[in-house]
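Reader: I would like a close look at one part of this model. Please begin with the whole chain and then move to the detail.

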Amino acid sequence: MIKRIMFDLDNTLIPWDGSQVDALIKTFKECGIDFSYEDKDLYFKAMHKYESKSKRFDMVDLSRFIAKELSLDMPDDFVKRWTDKLCYCVPPINKQIVDLLKYLSSKYSLVVVSNWFYKQQKNRLKNYGILEFFDEIYTCDKYDKKPYKEMYEVAIKGLNKDEIVMVGDDYYIDIKSANDFGLNAFYLSSTARYCNKKTKIIRSIYDLKKYL
């Protein structure tokens with residue numbers, strides 16, 4: 001019997017709408033660094049390179065890594081400045097997702113497992129109007145990120161693995177890592193046709209009501 005649902009956050013619970021790029025450009029401008037919208041892919045490429053090399057995220061380390069990759073004189077608090085703005089990069093509150101989480105939280109413990117920073121993700125949940133539905137938020141500045149197992153080990157909190165299910169939109173980071181840890185999962189995808197026996201494909205997060 002399911003007792004806890006683990007949710008990825010970005011593009012699972014809260015969609016990105018492009019405002020994060022605007023926040024990035026604004027941060028560069030505030031720091032007096034010439035950086036255009038067209039250069040954004042270079043920034044995110046460097047960030048993904050850091051992610052591939054790191055089990056945990058640290059704001060200062062990430063700032064320094066990106067500065068070196070892009071050959072820019074960026075301050076050590078650059079990522080903090082950017083992520084402070086990202087707290088407000090959420091769409092208007094969605095009544096449909098509020099109703100879904102109200103329903104799910106009446107039956108299960110809900111937690112977030114995210115490969116990003118705790119303060120930012122907590123504030124994004126708050127600003128989107130859904131923080132109240134989650135018992136815990138697990139992030140990769142505190143625990144080894146997905147697909148490593150530490151975040152899952154902490155998040156199960158003594159429950160059996162068959163009592164927990166993972167919901168996410170990234171097959172390798174969210175779904176395969178959860179399956180490898182021994183968890184069932186719901187894969188949020190508009191294109192996938194089949195994953196494995198431990199995973200159900202859903203086209204919309206609201207499809208969870210059909211199964212849970």
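Reader: How many helices and how many strands are there in the protein chain? Then take helix α5: which of its residues are buried, and what do these pack against?

Author: This is a predicted model, in which local features need pLDDT of at least 70 and side-chain atom pairs count only at pLDDT 80 or more, while totals for chains, interfaces and linings use all residues. Residues are numbered from 1 along each chain as its sequence is written, and side-chain values use heavy atoms, with hydrogens and water left out.

The protein chain has nine helices and six strands (DSSP runs numbered from the N terminus: helices H or I of at least four residues, strands E of at least two). Its radius of gyration, taken over C-alpha atoms, is 18 Å, close to the 17 Å from the globule rule (2.2 Å times the number of residues to the power 0.38), so the chain is as compact as a globular protein of 212 residues. Of these 212 residues, 50% count as buried (under 20% relative accessible area, with exposed over 50% and partly exposed in between; 1.4 Å probe, protein chains only).

Helix α5 covers residues 95-105, and its buried residues are I97, V98, L100, L101 and L104. They lie on the same side of α5 because they cover an arc of only 165 degrees around the axis, the arc being that of the directions from the helix axis to the C-beta atoms. This buried set packs against β1, β2 (109-114) and α9 (208-211). At the start of α5, a side-chain oxygen of N94 comes within 2.8 Å of the backbone nitrogen of Q96.

M6 is, with Y43 and W82, among the residues that touch the most other members of the largest nonpolar core, which has 44 residues (a core is a set of buried Ala, Val, Leu, Ile, Met, Phe, Trp, Tyr and Cys residues joined through side-chain atoms within 4.5 Å). Apart from neighbours within four places in sequence, M6 is in contact (heavy atoms within 4.5 Å) with residues including V111, V113, Y152 and L183. A second, separate core of 28 residues includes V98, along with L13, V165 and I202.

N11 is not a glycine, yet has a positive phi of about 65 degrees. Most residues other than glycine have a negative phi. N11 is partly exposed, at 39% relative accessible area.

Terms used: A polar contact is a pair of N or O atoms within 3.5 Å; within protein, one must be able to donate a hydrogen and the other to accept it, and residues adjacent in sequence count only if both atoms are side-chain atoms.
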